[in-house]
Amino acid sequence: MIESSIQTVINNCTKLLQSLPLTRYWVGRQNERQAQIDELLAQQKAATSYKEWEEISIKLDEYLNNEVWKQTKESDLYDYKLVEERLNELREARKAKDYPKLLYLVRTTWTRNTGNIGNVNLYRHSYVGTKKLIEDYIKECEKALQLLIDPSNPIDDGYLLSMLIQTRKAIGRTALVLSGGGCFGIFHIGVLSNLLELNLLPRIISGSSAGAIMASILCVQSPEETIALISTIEHRTFDIFNETNKEEGFLVYLARFLKYGTLFDNRYLRKTMIGFLGDLTFRESYNRTGRILNVTVSSVSIHEQPTLLNYLTAPNVLIWSAVCASCSLPGIFSSSTIYEKNLETGAMQEWNHASVKFVDGSVDNDLPIKRLSEMFNVDHIIACQVNPHVVPFLKMSIACVGGETENEYSAKIKAYLSYAYDLFSSEVIHYLEVMSELGIAKNLSTKLRSVLSQQYSGNVTILSDLKFTELNKLLVNPTPEFLLDATVRGTRATWPKITIIRNHCATEFALDKSIILLRSRLI
């Protein structure tokens, strides 16, 4: 350990002396290639836009000879022979303008993970991009759709539309899920704004706790309104835990905790959410923007399953009440009642029986992956994880790749760490189950078991750059400075994942656009 520290000091001193004209002659000139790489890495870290970050990353791949790996189609990470065969078939049919054959290939051969091209390990060998064969195949799929929806296509639009809808069902749909995480949920704003700017934002968005706040604010607004909101985000007020500039004293917190079992009064959260969302219901929000908002809530009772609220399961529920329920973490906020709008009178009434209370959705179902799959044919998840107790473990996961090169040795280390964590968590879950069966703290052990056993990552996982020194901000209102800083950091955390998201979702999004165009023709 000491020798390593001494060597680091020597290396830093050497670099300093090599950078000075007077001492460079005696110390020796710094390796120009390494110096250029270090400079590019510094520029990449300081980039102010995705375009700038991408250009620098491409240069890094060139300097590190990562382009050679991209150009080489052979790899045991995917079935390159199958992908090449599919590419050639599509290209030949498109160039020959053989519309029936092209539609046949689209309907029968398109899947999201053809030849395992969705393998995330294909993205740990370069800073941006992956195998050129994969990217050529995805581009060819988009060109095939463009030809099929061209007015010169003699195939009937109604028949073509039905075939493309069936193809979309076979491919599945993508959902963006936003985790809970207290004040760190502000990171979600940067992720949402970046995906919106690059036209990569899925129509299906789900949120739990803090994620529900951000998801709901986005889904009730048009893209123009969202952009206006994000551009002025540092001037917005998020009174979640108390009223800004009116801090409550320690004795007030203690008295509330002893009397009600919670630290904070949820009236401020309620007022803030009504200010952002008004009296919109899930159905009204869907009709207004076309985005499918999902909010997860958990029942206070251990005998009921967590509920996923959306325009199908709770069409008339007021979104602000669902969000408040999803944020009701035990010990922080009291359990909450969900309200709905009476369609005849427009009055507010309880959605369920008065005795049924709901708490934080992230307790039982932070990322409702299974339920989204059942309801909306979702088979691809983009997860944004900001929970401080989850992020450190996910950063050691082999599945969370993108934006950095990683060798086989490092990947194996991560794999072993993941196995060790799975083994440890399985043991803890087992003992919690035993406690529940014996009646020892049954409610607590059941909830803890849910927290440990649920899945916290997706097919693509965006991790926030949390700092240990920021944990004191977890349960306080975000300041204007933190709002701006967290948004920027959330945006930066998304850049390395853009290539993976674009390649995984390009065909699905192109199908959506083609279906919308064909439907407009048939009206």
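This is a predicted model: local features need pLDDT of at least 70, side-chain atom pairs count only at pLDDT 80 or more; totals for chains, interfaces and linings use all residues.

Reader: How many aromatic pairs does the count come to?

Author: The count comes to 12 aromatic pairs. In one of them, Tyr50 and Trp53, the ring centres are 6.0 Å apart and the planes are at 20°, so the pair is stacked.

Reader: Why are Tyr50 and Trp53 separated by about one helical turn?

Author: Because they are three residues apart in helix α4, which spans residues 50–63. Both Tyr50 and Trp53 are buried.

Reader: And Phe184 with Phe482: what is the arrangement of the rings?

Author: The pair is tilted, because the planes are at 50°, with the ring centres 6.4 Å apart. Phe184 sits in the loop between β1 and α10 and Phe482 in helix α22, so their contact ties together parts 298 residues apart in sequence. Phe184 and Phe482 are buried as well.

Reader: Which residue lies over the face of Trp69?

Author: That is Lys131, at 4.1 Å from the ring centre.

Reader: Turning to cavities, what is the volume of the largest?

Author: Its volume is about 160 Å³. Among its 18 lining residues, Thr111, Arg112, Ile117, Asn503 and Thr507 are the closest to the centre. Helix α23 gives the largest share of the lining, six residues.

Reader: How does the lining of the second largest cavity divide by class?

Author: It has nine nonpolar, two polar and no charged residues. That cavity holds about 100 Å³ of space, and α10, α11 and α12 each supply at least two residues of its lining.

Definitions and conventions:
Residues are numbered from 1 along each chain as its sequence is written. Side-chain values use heavy atoms; hydrogens and water are left out. Rings of Phe, Tyr and Trp (its six-membered ring) pair if their centres lie within 6.5 Å; planes under 30 degrees apart count as stacked, over 60 as edge-to-face and the rest as tilted. Helices (H or I, at least four residues) and strands (E, at least two) are DSSP runs, numbered from the N terminus. Buried means under 20% relative accessible area, exposed over 50%, partly exposed in between (1.4 Å probe, protein chains only). A charge sits over a ring if NZ of Lys or CZ of Arg is within 6 Å of the ring centre and within 35 degrees of the ring normal. On a 1 Å grid over the protein atoms alone, a cavity is a set of points where a 1.4 Å probe fits but cannot get out, and a pocket is an open set with protein on both sides within 12 Å along at least five of seven lines; lining residues have an atom within 4 Å of a point. Grid points are joined across faces, edges and corners, and a volume is the space filled by probe spheres set on the points. Ala, Val, Leu, Ile, Met, Phe, Trp, Tyr, Cys and Pro count as nonpolar, Asp, Glu, Lys and Arg as charged, and the others, Gly among them, as polar.
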